[in-house]
Amino acid sequence: DFEGFGPLVVDDFIRIASNYCEDVPIVVAFGLATSYECVHQSLTKASISMLNVERFNLQRSKQCIDMVIHSVFVEAASVLSFGAEAYKSLLDQFLLYSFSITGFVKKLKFAIMDFFYAQPLSVLSAMVSRLDQGNSCTAFSIRECPIRLCQGQIELIRMQRSVQRFFDRKVETDGDDGRKYTVKALVDDDFLQDSVLPEMLRHLASYRQSYSLGISMVQAIQDTMPESQRKPLRTLHYYGISQLFDEGSHWKTLSAAIRRMKIPEMEQLLTRLDSIVSSAGSLDLLYVESSGTNILSLLQQAKDLVANPDETLKDEGYGEGKTLPVAPSKRIRTRTDMDNRPFLLFDNSSTDQELQALDICCGYIESILRACLSPYQNVPLYEVFYYRHSFLLDTTFSAQPRAAVQTALGKSQYYIDCDCCNGSSAPDDSDQDDETDERIMPSMNDTSIAYRLHQECGRMINLYDWYSAFSSVVEQESTFMPKAPSQSEIQARFLRASEEMRFLGFIKSTQRKTDHVVRLTWGH
């Protein structure tokens with residue numbers, strides 16, 4: 001840390017180290033938080049001449065976190081992913097508090113540990129193996145479970161709401177065959193583990209691949225926009241898992257940018273989207289195709305439409321089985337036109353057919369993104385593979401010293417584990433224990449007594465009244481102590497307790513009344 005040391009110290013260190021360069025190779029890495037010029041301003045010319053200076057820049061923490069999120073969550077490098085609330089907790093801790101990559105990784109490790117220790121169905125992750133294809137999307141293969149699931153684990157699978165919805169869709173789509181399939185899965189454990197479970201995991205793996213493809217497409221669309229309107233990957237991922245993407249405000253911005261394009265720009269965008277799909281390799285698009293969306297077909301229709309909008313609109317209309325809509329005017333005539341089609345304000349050089357073609361292409365792209373970025377709650381077994389314990393992460397990694405200190409002072413007998421502060425002859429009686437917790441015993445710690453007494457006061461605490469109450473409690477020590485404390489000893493103990501309360505932040509002095517202190521904390 002170059003700025004953290006005095007210039008003379010660094011200068012002397014360089015001079016001393018230079019004497020040993022013939023025997024030991026020495027590399028000094030200066031961490032500069034300001035600018036490169038501070039090295040020349042701080043060091044002498046003699047010491048700088050002893051250095052072979054080379055400059056390099058480290059990645060910013062936000063760029064690093066985007067790389068981690070892309071690798072772990074978007075590319076699905078890990079079978080475990082995060083739900084919306086847990087991911088928000090993970091991101092808020094990084095953005096609002098520390099900007100620490102190490103803290104971010106610690107939370108990830110803790111979540112993985114909790115997943116394998118506390119989730120009985122974590123053994124299912126052994127059935128999903130990742131195939132690294134060296135491209136933007138990750139493929140998965142489903143294999144047999146290495147162990148046979150017990151009866152409790154199978155029943156736990158059947159009780160998941162996503163699994164129940166999976167069976168309901170089977171009944172709706174396949175009719176009697178789906179009903180027989182569902183009944184057999186509910187009564188036959190071997191059929192559930194050998195046939196149904198791999199099918200559900202294949203839906204999950206297919207969703208992960210289509211989600212990664214959708215995020216890559218959104219990033220490609222963002223590259224056509226001004227930099228001020230682009231969102232980082234960490235924000236895009238949060239939009240993708242927290243809401244319907246096509247209903248969010250960011251999609252409205254993307255949609256407006258697409259509709260403002262000209263035909264050549266749209267051709268370039270569609271070519272890039274097609275290259276993203278092609279470079280993804282052998283994707284399992286089972287999840288997308290189950291929603292009735294064919295990505296390759298829609299992209300090809302959009303490319304044909306943009307290549308020759310007049311003939312395509314005349315021959316095929318708006319799409320398969322749809323009639324040709326009325327061509328929108330390229331001029332804004334009413335306030336309704338301005339509200340519904342504001343992109344016409346930016347470009348009036350396109351013909352009506354080109355505007356209509358752009359509008360249809362935007363609809364195609366929206367259909368693709370809607371299918372790829374659908375909510376993860378629609379996927380079977382998402383309760384297992386999407387970590388949702390945000391409260392556990394917050395309580396584990398967000399320190400709450402005030403709550404711990406207040407609990408320790410208010411119920412010190414549980415921290416010290418002593419019997420003298422209970423004052424109860426029947427410790428097994430819970431009602432009597434609750435009443436005893438509210439009593440102030442003279443055997444308690446002095447700071448605990450002062451804390452209990454200050455809770456009974458208002459905003460302004462009279463020091464003499466506080467001391468009198470403290471003294472009346474401490475004087476009761478004579479009932480079980482051989483010698484009662486003197487007044488000077490009680491005063492010293494009260495001063496120490498009040499100073500500890502001031503140091504802990506419970507009270508502060510005031511200039512309005514010199515014999516009073518102000519209470520700073522309320523509640524628990």
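How do the residues of the lining of the largest pocket divide into nonpolar, polar and charged? They divide into 18 nonpolar, seven polar and three charged. Here Ala, Val, Leu, Ile, Met, Phe, Trp, Tyr, Cys and Pro count as nonpolar, Asp, Glu, Lys and Arg as charged, and the others, Gly among them, as polar.

This is a predicted model, in which local features need pLDDT of at least 70, side-chain atom pairs count only at pLDDT 80 or more, and totals for chains, interfaces and linings use all residues. Residues are numbered from 1 along each chain as its sequence is written, and side-chain values use heavy atoms, with hydrogens and water left out.

**Pockets**

A pocket is an open set of points on a 1 Å grid over the protein atoms alone, where a 1.4 Å probe fits, with protein on both sides within 12 Å along at least five of seven lines; lining residues have an atom within 4 Å of a point.

| Pocket | Volume | Lining | Nearest the centre |
|---|---|---|---|
| Largest | About 930 Å³ | 28 residues | Val28, Ala29, Phe30, Glu54, Phe56 |

Helix α1 (residues 7–18) gives the largest share of the largest pocket's lining, four residues. In the second largest pocket, α8 (161–174), α10 (189–222), α14 (286–290) and α18 (352–372) each supply at least two lining residues. That lining holds eleven nonpolar, six polar and five charged residues.

**The chain**

The protein chain has 26 helices and seven strands. These are DSSP runs, with helices (H or I) of at least four residues and strands (E) of at least two. Of its 524 residues, 41% are buried. Buried means under 20% relative accessible area, exposed over 50%, and partly exposed in between, with a 1.4 Å probe and protein chains only.

**Ser122**

Ser122 sits in the loop between α6 (101–118) and β2 (128–131). Ser122 counts as buried because its relative accessibility is 8%. Leaving aside residues up to four places away in sequence, Ser122 touches Phe115 and Phe116 (contact means heavy atoms within 4.5 Å).

**Aromatic pairs**

There are 17 aromatic pairs in the structure. Rings of Phe, Tyr and Trp (its six-membered ring) pair if their centres lie within 6.5 Å; planes under 30 degrees apart are stacked, over 60 edge-to-face, the rest tilted. Phe110 and Phe397 pair edge-to-face, at 5.5 Å centre to centre and 85° between the planes. This pair links distant parts of the chain, 287 residues apart: Phe110 lies in helix α6, Phe397 in helix α20 (residues 390–397). At 28% relative accessibility, Phe397 counts as partly exposed. Phe166 and Phe167 form a tilted pair, at 5.9 Å and 55°. Both Phe166 and Phe167 are buried.

Notes:
Grid points are joined across faces, edges and corners, and a volume is the space filled by probe spheres set on the points.
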